[in-house]
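Look at the sequence and the model together as you read.

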Amino acid sequence: MDRKDFYNRLSRGALPSVLLFEGEEDYLKQTALNDLCRAMLSPGMEDLDLARMEDPETDALIAAAETIPFMSVRRVVIVRDYAPLVGKQEPGDRLLKYLPTVPSTAVLVFFCTKKPDARKKLYTTIKKLDGIVNFSKLKNQELTHFVTEAFRAEGKECSDRTADALIFRCGSDTSRLLTEVAKIASHNVSSPSVDPAEIEALTSPSAESTVFQMVDALVSGQETKAFSLMRQQLRQGENRIMMLALFLRQFRLMQHIKIMQYEKRSPQEIKSALGVPPFAADQYIRQAAAWKNGQVKQAVHICLDMEYAVKSGRVNSEGSLETVMIKLAALRQKL
């Protein structure tokens, strides 16, 4: 089930007795766990009806789940990063046989901050019980709504377009977005709404946003600025391979735009097909207009060839990104 299914079942009191929380969105995952506890546990009874466990023995885990709740709706047992899910260890047959019999008086939650192995017997057993809850990254309108609601909670009104501008600049990680929202909201407390200018002035760009700026700089002949932005990202701990992948993604998006424009697709169809927020789509379309069709294709091959050369060991990652940028700058000069 996804996040929406989880909350729907939680509101109806229809959650299975065994759950596995997985996915990239740690903030949403932790928020869902907190909401589960609030729904199941009586205020003041949390210490009695909540068990937090780390790599428990099977007997201890079963004993915790079998304990009758004192005053709460259901007893909640939380097991974080259980080795038979995220490590090499395998669960015993006793636990696998027990899971389908966990009583309705308990909710056993396997909470994974690491990626669980879907091939594990424990994972497949929980999946058969319909207990897998995936917290993947929010996208498009759902992510925009998350940002506007976060601003509203801070007492600020924020338009969808301004929210998309923040997402484009800072990325889609909800934890980081909340930090940036709080920063912006506290800047000018007297204003009832968010000024789009505050986003660029007060926030730090994500690696993806910076790569977009780097490509913009290359197009406009500002190679010095592009290399300065690259060095800034490397100093902040980003690695060349990841940035190279972002370059490749960006030129592939532009290639898709060029193909759809050739096919006479409408601007709305193009934006929808890109699968990025409307603000970001506008920016990519603007950037694609600065390149000729064949040059975008060449740029994709430049990035692809370097990525393959590095991953196959033919080229050292040191200098790989710089080489790609030099080739893209030379390509730009042919515009």
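**A walk through the model**

In helix α16 (residues 278-288), the buried residues are F279, A280, A281, Q283, Y284, Q287 and A288. Buried means under 20% relative accessible area, exposed means over 50%, and partly exposed lies in between, with a 1.4 Å probe and protein chains only. Helices (H or I, at least four residues) and strands (E, at least two) are DSSP runs, numbered from the N terminus. The elements that cover the buried residues of α16 include α9 (160-170), α12 (207-219), α14 and α15. An α-helix has 3.6 residues a turn, so residues three or four places apart point the same way.

A word on the source is needed here. This is a predicted model, in which local features need pLDDT of at least 70 and side-chain atom pairs count only at pLDDT 80 or more, while totals for chains, interfaces and linings use all residues. Residues are numbered from 1 along each chain as its sequence is written, and side-chain values use heavy atoms, with hydrogens and water left out.

Now take the protein as a whole. Its secondary structure comes to 18 helices and 5 strands. The C-alpha trace spans about 75 × 55 × 40 Å along its principal axes. Of the 335 residues, 47% count as buried. Contact means heavy atoms within 4.5 Å. Among contacts between residues at least 6 apart in sequence, 76% join residues at least 24 apart.

Two strands pair if DSSP finds at least two bridges between them. Strands of a sheet pair through backbone hydrogen bonds, either parallel or antiparallel.

Strand β2 (residues 50-54) and β3 run parallel and are joined by 5 bridges. M53 has V79 in β3 as its bridge partner, and E54 stands opposite R80 in β3. Strand β3 (residues 75-80) is mostly covered, with 5 of its 6 residues buried.

Axes are lines fitted to C-alpha atoms, for helices over the stretch in contact, and angles run from 0 to 180 degrees between N-to-C directions. L28 lies in helix α2. Is L28 buried or exposed? At 4% relative accessibility, L28 counts as buried. Leaving aside neighbours within four places in sequence, L28 is in contact with R3, F135, L138, F146 and T174. L28 and F135 are 107 residues apart along the chain, yet their C-alpha atoms are separated by 6.8 Å.

One of those contacts, T174, lies in helix α10 (residues 174-185). T174 is buried, with a relative accessible area of 0%. Apart from neighbours within four places in sequence, T174 is in contact with E25, Y27, L28, L138, L143 and F146.

Two pairs of helices remain. The axes of helix α14 (residues 240-262) and helix α15 (residues 267-274) come within 10 Å and cross at roughly 150 degrees. α14 and α15 are therefore roughly antiparallel to each other. Angles under 35 degrees count as roughly parallel, over 145 as roughly antiparallel, 65 to 115 as roughly perpendicular and the rest as oblique. L253, H256, I257, M260 and Q261 of α14 make the contact with I270, A273 and L274 of α15. These residues divide into 6 nonpolar, 2 polar and no charged. Ala, Val, Leu, Ile, Met, Phe, Trp, Tyr, Cys and Pro count as nonpolar, Asp, Glu, Lys and Arg as charged, and the others, Gly among them, as polar.

In the other pair, the axes of helix α13 (residues 223-235) and helix α18 (residues 320-332) come within 11 Å and cross at roughly 160 degrees. α13 and α18 are therefore roughly antiparallel to each other. On the α13 side the contact is made by E223, A226, F227, M230 and L234, and on the α18 side by L321, E322, M325, I326, A329 and R332. The residues of this contact divide into 8 nonpolar, no polar and 3 charged.
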